[in-house]
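Here's a friendly walk through a protein model for someone meeting it for the first time. Take a look at the sequence and the structure, then read on.

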Amino acid sequence: MRLRDLPSVDELARGSDDPLAVDAARAVLARAREEIRAGADPGDLAGRLREELVAVRLPRLRRVINATGVIAHTNLGRAPLAEEALVRVHDAARGYSNLEYDLLAGTRGSRQDHVAPLLRRLTSAEAALVVNNNAAAVLLALAALAEGRDVLVSRGELIEIGDGFRIPDVLARSGARLHEVGTTNRTRAADYERAITDETALLLRVHQSNFRVVGFAEQPRLEELAAVAQRHGLPLLDDLGSGSLVNVGDEPTAREALAAGADLVCFSGDKLLGGPQAGIVVGRAELVERLRRHALQRALRADKLTLAALEGTLALYLDAPERIPVLRMLRNDVASVRARAERLAELVGGEVEETIARAGGGALPLAELPSFACAVEEELAAQLRAGDPPVIALIRDGRTLLDCRTLTDDETDEVADAVIACR
Ligand SMILES: *Cc1c(COP(=O)(O)O)cnc(C)c1O
């Protein structure tokens, strides 16, 4: 076929009464022109138009299987939700809900009232607030408590978390002024004390998340910082990042941070907590109330699907935390991970390999979770990604590793089917 033999967009689209046919025909013809220029034959254009019309309707945001061994994998949607959380989402979303309605009084209520009691119970905080994500929580807290004034932060905590979230930039956006204290590797409580002036509004501590300074390094303990803040009547905000609610590795829990003297603590909903994307702020009632009344709160608030999923996840912390997928994967004993890898290797003719899994989400960067993978041919990685559902794996030393710490038993079977289908 030559370029001049190609039909026009209208001619190709004419055979179809699909409202998307003209756009699809344009895309099919653009690809056909490229193929002809490259010396290939574009083949049956009408057939390709039909395929294109099917393809444009396929979901672009899709379920994938995470065989990377990185548990709260940011590129793969972080935390998978517990069944109990999904049920709440379905219930709250399929019809109307009491999102902002007080069922007792029959009057307007607050969307913050649904999860606040659970958060107070789980962290012993006086009050709690939920916004869209933890970046929003930090932004809102700084805007509400420190706009136009100084915020003291250690030079060792001026971090970038990923995708351009940098503490100095967020601080600037909030309208607060950054006042750096200490050095990259060593900061002491006395450095904060010396830096306090009439312009100081807040002390901010930021969890180092995805990196650690080792060697000649020192950061004050939270208790020491709290003592400085208290002496000067200033609030201390602790951005925990992951912020787990139960002990996971050496990550500080929100309850511990409050007990150590932080006035406000903020953390993500979808990292170690294992819930939906959300930013959670807990702490002193008077400060939380200032955040709630700030104009930005309206722009940063969480929607009903998030609140439903979060309530469902938090409820599990009371009775059955092992039903939260992130916690289950973190705590899964290595023998059962190995058993899954052995089963997978048997099903697909692969080899069992010892690996190191990661918590992900910027939490516990140095923690090495012992894990096992099934190793198969390197070429399979791309084919598995193109499958349905796509399986995402890591390539190491010329082989594709299917890490079994991030697979459920059912997913292990799906991965086996996917590998067999590729061969
Ligand atoms: C991850 C992280 C954030 C941002 O949280 P998101 O929920 O992703 O917005 C902020 N601060 C710290 C210390 C973090 O680790």
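A salt bridge here is a side-chain nitrogen of Lys or Arg within 4 Å of a carboxyl oxygen of Asp or Glu. By that rule, the structure holds 37 salt bridges.

Some ground rules come next. This is a predicted model, where local features need pLDDT of at least 70, side-chain atom pairs count only at pLDDT 80 or more, and totals for chains, interfaces and linings use all residues. Residues are numbered from 1 along each chain as its sequence is written, and side-chain values use heavy atoms, with hydrogens and water left out.

**The whole chain**

The chain has 17 helices and 15 strands; helices (H or I, at least four residues) and strands (E, at least two) are DSSP runs, numbered from the N terminus. Its C-alpha trace spans about 80 × 50 × 50 Å along the principal axes. Of the 423 residues, 49% are buried, and the labels work like this: buried is under 20% relative accessible area, exposed is over 50%, and partly exposed is in between (1.4 Å probe, protein chains only). Take the contacts (heavy atoms within 4.5 Å) between residues at least 6 apart in sequence: 73% of them join residues at least 24 apart.

**Domains**

The domain assignment gives domain 1 (3-57), domain 2 (65-75 + 327-422) and domain 3 (83-321); such bounds come from an automatic or database domain assignment. How far apart are the C-alpha centres of domain 2 and domain 3? They lie 32 Å apart. Where these two domains meet, 11 residues of domain 2 are in contact with 16 residues of domain 3. Together they bury about 1,000 Å², with 69% of it on carbon and sulfur atoms; buried area is the accessible area (1.4 Å probe) that two parts lose on being put together, summed over both. On the domain 2 side, Leu327, Leu364 and Pro365 lose the most area to domain 3, together 45% of what that side buries.

| Pair | Distance | Relative accessibility |
|---|---|---|
| Asp18 and Arg57 | 3.0 Å | Asp18 18%, Arg57 47% |
| Glu160 and Arg166 | 2.4 Å | Glu160 34%, Arg166 43% |
| Glu353 and Arg399 | 2.8 Å | Glu353 18%, Arg399 24% |

In the Asp18 and Arg57 salt bridge, Asp18 sits in the loop between helix H1 (9-14) and helix H2 (21-37), while Arg57 sits in the loop between helix H3 (45-55) and strand E1 (65-67), so the pair ties together parts 39 residues apart in sequence. In the Glu353 and Arg399 salt bridge, Glu353 belongs to strand E12 (residues 351-360) and Arg399 to strand E15, so this pair ties together parts 46 residues apart in sequence. There is also a network of salt bridges linking Glu100, Arg108, Arg111 and Arg301.

**Helix H6**

Helix H6 covers residues 134-146; at 1.5 Å a residue, its 13 residues should span 18 Å, and its end C-alpha atoms are 17 Å apart, which agrees. The expected span is 1.5 Å times one less than the number of residues. Is H6 enclosed or open? With 12 of its 13 residues buried, it is largely enclosed by the rest of the structure. Among the buried ones are Asn134, Val138 and Leu142. Just after H6, Gly148 takes a positive phi of about 75 degrees.

Asp238 is in strand E9 (residues 236-241) and counts as buried, at 0% relative accessibility. Setting aside neighbours within four places in sequence, its contacts include Arg205, Leu222 and Cys266.

Ile159 is in the loop between strand E6 (150-154) and helix H7 (167-174), and its 4% relative accessibility makes it buried. Ile159 and Asn210 are 51 residues apart in sequence and 9.0 Å apart in space, C-alpha to C-alpha.

Asp388 and Pro389 are joined by a cis peptide bond, with omega about -5 degrees. Pro389 lies in the loop between helix H16 (380-385) and strand E14 (391-396). Asp397 is not a glycine, yet it has a positive phi of about 50 degrees; at 71% relative accessibility, Asp397 counts as exposed. Arg78, also a residue other than glycine, has a positive phi near 55 degrees and counts as partly exposed at 21% relative accessibility.
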